[in-house]
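Thanks for making the time, everyone. Please have the sequence and the coordinates open while I go through a few points chain by chain.

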Amino acid sequence: MGSFSIFPPRASSTAGEVDALYGFLLLVGIGMTLLIFFFVFLFAIKYRRKDPEDKPKAIHGSIPLEIAWSVIPFLIMLVMFAWGTKLYFQNYTPPLKDTLDIYVTGKQWMWKVQYPGGQREINELHVPVGRAVKLTLASEDVIHSFYIPAFRLKHDVVPGSYQTYWFEPTKSGRYHIFCAEYCGTNHSRMIGWVTVMEPDRYQEWLSGGVQGESMADKGEKVFEQYGCVNCHVLDQQGRCPSLRNVFGKPVQLEDGRTVLADEAYIRESILNPNAKIVKGYHRDVMPVFQGQIAEEPLLQLIVYIKSLSAK
Amino acid sequence: MSTTLLAVQKNYLNADYGWKSWLFTTDHKRIALLYLFSITAFFFVGGAFAVGMRLNLLSPNGLFGHDTYNKLFTMHGIIMVFFFLVPSIPATLGNFLIPIMIGARDLAFPRINLLSWYIYIGGGILALSAIVRGGVDTGWTFYAPFSSTYSNTHVILAALGVFIAGFSSILTGLNFIVTIHTMRCPGMTWFRLPLFVWGHYATAIIQVLGTPVLAITIFLLGLERLLRAGIFDPSLGGDPVLFQHLFWFYSHPAVYIMILPGMAVINELIACFSRKAIFGYSFVAFSSVAIAVLGFLVWGHHLFVAGQSMYASMVFSFISFLVAVPSAIKVFNWTATMYQGSISYDTPMLYAFGFIGLFTIGGLTGLFLATMAIDVHVTDTYFVIAHFHYVMVGGMVMAYLGGIHFWFPKITGRLYPEAWAKFAALIIFVGFNLTFFPQFILGYLGMPRRYATYADEFHTLNVMSTAGASILGIGYLIPMIYLTWAWRHGPISPQNPWHAKGLEWEQAPTPPPTFNFIEPPVVTEPAYNYAEES
Amino acid sequence: MIAQPELKHHFDDAGQQLESSTLGMWIFLATEIMFFGGMFCSYTIYRSAFPEAFASTSHFMNVTAGALNTGVLICSSLTMALAVRAAQIGQKKALIWLLILTLTLGCVFLGIKGMEYHEKWVEHHVPGPSFHYEEAQYAQNAEILFFLYFAMTGVHAVHMIVGVGLLITLIIMASRNRFSAAWYTPVDMIGLYWHFVDIVWIFLFPLLYLIGHTK
Amino acid sequence: MSHPVVAIKVYVGVFLALITLTVTTVAVSKIELGEYNFIVAMTIAVIKGSLVVWFFMHVKQASSMTKLFVAAGFFWLGIMLVFVLSDYVSRGWLPRGVWWHS
């Protein structure tokens, strides 16, 4: 069981920040609790009933006091709000720097992890120290939640959409992965381990496994298998837009809007092509792939399309 | 009026005998007792599931297996939330006291009041039959698509039970609003109302405007499950987050349905046992209404990690902080009420002390959950479990027990054994904290909720929690026993054993006759006039 | 005070009683607004997500039947309003006939609705395993609209059926001389309910039948 | 005590207005107006609903308390629509500034 702690291990750049904010909240919380306890005890003892016929004078209230104990807590809460919001946005929007993208698919009751190099694991996630890692989360069935307490991060894995978050591991070691959203019988067995490794060890580990095709290579096969290649001719404007240099760039739509071509957009455009039509193209040209393609090949396809945009 | 005279007087209990006089009664006091008995039964059924859960968690590998555990926490949640917490204080104490407190002979719609009890029982029977037939394993939140497509337990039956029970809650709320508007006796102005009534008015607003949304959400969910076509399952083209929006549109305000009546009771207890008018009456009154209204605008804080837009989360987070202000106002005003009071330590006041302490902790930990970055870490962990048990059990159930003890003489005409009651209050307080405080730590350490088995490092704290739960369980049985005994054998209560203010103590006989008052009451003084100012 | 046989024991006077009933009825209707509101909210979300698919479904809606039903309900609202007025001035015969007229119109509405449902059944537009949609690319999203169509109009129709039952009760009560110019609260309250159900349809009609009809 | 008796011609006038509006809304739906089709249809529906509430349901003569509850019903529906929509509308927003990554 080891030493008793009220904090889980801190293994990501954000863990310390979350703990600092938690510390601030604890301080305020304990302070307020003690304040109220102090006065309740003080009054309860000092003004205890000494004579059954006691008839204390009425005090009907005090406007200055009411204002004080509304405004002061509110101001303290504004600090909590601002601090918590900043940290939240920071954790849920990918950083500007280059990220290591890893793809996680949840299904009852396991986590399937795919790396860009094509390595695959179940219920294990390997990440290097000091590198920003971005997770793209997909689910094949119900809602799960990918939770790594040591990183102080989780996000629900919602079927029918991609969710992402990112972190920068700071300390090597093995830490828990939990499913935090109830998902059926073996919910509490939908657990795993994240292994944080020093960068050189990580490279060793990556090349150690059986060297297969990269995710992009697999994606290219999917691209051919589903016949995408017939219309989305690369480097050529056919019936459908060329997919080279699309990913990560803004796309002009037929209805005048501009959207960013991220994972979610590509996903939607494959499954439900009529949702967003690129300027100059027509609806109902591409078939609907909703329900036709599983989550993992879909991720491979997206990584392939990503690879078509030179870095 | 002497006590001996009162003892032979006709009251609502001895006005009529036989089962028909109970099952077809339209007397709000008798209906309140029907509710009291059925709610107590559901409390112990829900409690039995809790015992099962805590037993299972004694070992990291679980004792009962995954499916059993999943059903245990689901049934615990459904029974406790929809069949105990939501109706608890409003349907029992509220039903009994609101007409008396405002000087009315009954609620505005007595037959609808009885109907709402039958609806409640109907919903309860369906939920219980879902248990008997093998249980449900979706969690009380019924999240789609698990509940609509994947679970193969009796989801429809349980959901139907909740759906039906919802209408009972709506009708109770409707009855309260109308009664408080139109049935106040001469002189009973809005600002002479006991704060108990204000609290229930605010509760009723939520019941009336929130509950139908739960009903329709569950209806759509059931339809999706039946037809295998629908709007929440992504594989059918739907959006599961929409279910969560609609579900929490009711279920977050529902938290205030559960706690506002608790706060309402605490006002009466603090005032009576401090012999003081509530400090800042109008602030406390309007804070209830503020909680009811603002409480409708914060549901999105259940969705910070669910795929909700970050910008919407930000707005919901902000309003969640805002709703903490009226709650804080209440706690501060209660504390200030005690200042220069004449404070006695009778059992109801002990529960009030317990309420203030535990609700403070429950409320403050709510701020942690409103802070988005902290919520990301602790949501769906035992931190959340501990937080809402501090509010619901530490707050609501403490207030409920305090209220039951306070008005026990009024309801039964007899006194309960004070020494036993004090002892039980202490046991409950200790047991409660031992059960739930370790869960805050467990949560921050990262133990997810709804886990039948868990990692070894969480073992010690779980054992502590189970130990506490066994103390808490005994604590709840003691009042059950001595109150039952006192109902028949307790000493006859004087008219106003606490020397309390309010129409129910000062003008209605103890126990009240069928139409509550002998003479039509007229109010000439503000509420809580303990100092007897003119 | 004049003897008032319909005054319940717990009220002081008939004014208080009527005020309570009216307020209670309106609170109930506020509840109903939220009840339908959950479906209107879902409708809004999916319509803004799949505007084309939703527009395409309106070609398979029977606009004539929908418009006719709107007219029928508006007529029944008029007769209901006149029935309340007749009750108010104590015209028993007019009251009974207007209630019967309202009831008939309500049944006509349900008949037309039933015919529409039958059409949908024949066309395989009922959501579920047998659902089939002509424009395949919209099939899945169109199924959501039809799901909402059946949920919303179905709940509305259930309200209509309850309303029909209530009207029958009123007619029986009226023929037994239960109402007078001094006391006709049930007519008034059920009138409110009937108008509310009419309003729901006033919104359902354009949302389900007319949206995107030009496309 | 009770609301005053309203003249039959008021009811008939409201009825004719409702029928006219129904015909209008069907007619307008056949004309291509783009997004305005929806706005026109909803505006007409709101007018029709208000007529029924105001005249047929006698809110015009009702107590201010009743008016308040009528308004509350619609207001709460508005809360639900606005806040749920706020999520869906802002989901696709790009994170504008990235000041939080400093």
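What share of the contacts in chain C with a separation of 6 or more comes from residues 24 or more positions apart? Before I answer, please keep in mind that this is a predicted model. The share is 78%. As for its secondary structure, chain C has six helices and zero strands, and its C-alpha atoms fill a box of roughly 70 × 30 × 30 Å when that box is taken along the principal axes. Of the 215 residues in chain C, 56% are buried.

Let me turn to chain B, where the axes of helix α4, residues 66–85, and helix α6, residues 110–132, come within 11 Å and cross at roughly 175°. With angles over 145 degrees counted as roughly antiparallel, α4(B) and α6(B) are therefore roughly antiparallel to each other. On the α4(B) side the contact is made by B:M75, B:I78, B:I79 and B:F83, and on the α6(B) side by B:G124, B:A127 and B:I131. By class, that contact has six nonpolar residues, one polar residue and no charged ones.

Finally, chain D: helix α2, residues 36–56, has 21 residues and should span 30 Å at 1.5 Å a residue, which agrees with the 29 Å between its end C-alpha atoms. Its buried residues include D:N37, D:K48 and D:F56, and what covers the buried residues of α2(D) includes α3 and α6 of chain C together with α1 and α3 of chain D. After α2(D) comes D:H58, which has a positive phi, near 60°.

Technical notes. Residues are numbered from 1 along each chain as its sequence is written. Chains are lettered from A and ligands numbered from 1 in the order in which they are written. This is a predicted model: local features need pLDDT of at least 70, side-chain atom pairs count only at pLDDT 80 or more; totals for chains, interfaces and linings use all residues. Axes are lines fitted to C-alpha atoms, for helices over the stretch in contact, and angles run from 0 to 180 degrees between N-to-C directions. Helices (H or I, at least four residues) and strands (E, at least two) are DSSP runs, numbered from the N terminus. Angles under 35 degrees count as roughly parallel, over 145 as roughly antiparallel, 65 to 115 as roughly perpendicular and the rest as oblique. Two residues are in contact if their C-beta atoms, placed from the backbone, lie within 7 Å. Ala, Val, Leu, Ile, Met, Phe, Trp, Tyr, Cys and Pro count as nonpolar, Asp, Glu, Lys and Arg as charged, and the others, Gly among them, as polar. The expected span of a helix is 1.5 Å times one less than its number of residues. A residue is buried if 20 or more other C-beta atoms lie within 10 Å of its own, exposed if 12 or fewer, and partly exposed in between; C-beta atoms are placed from the backbone.
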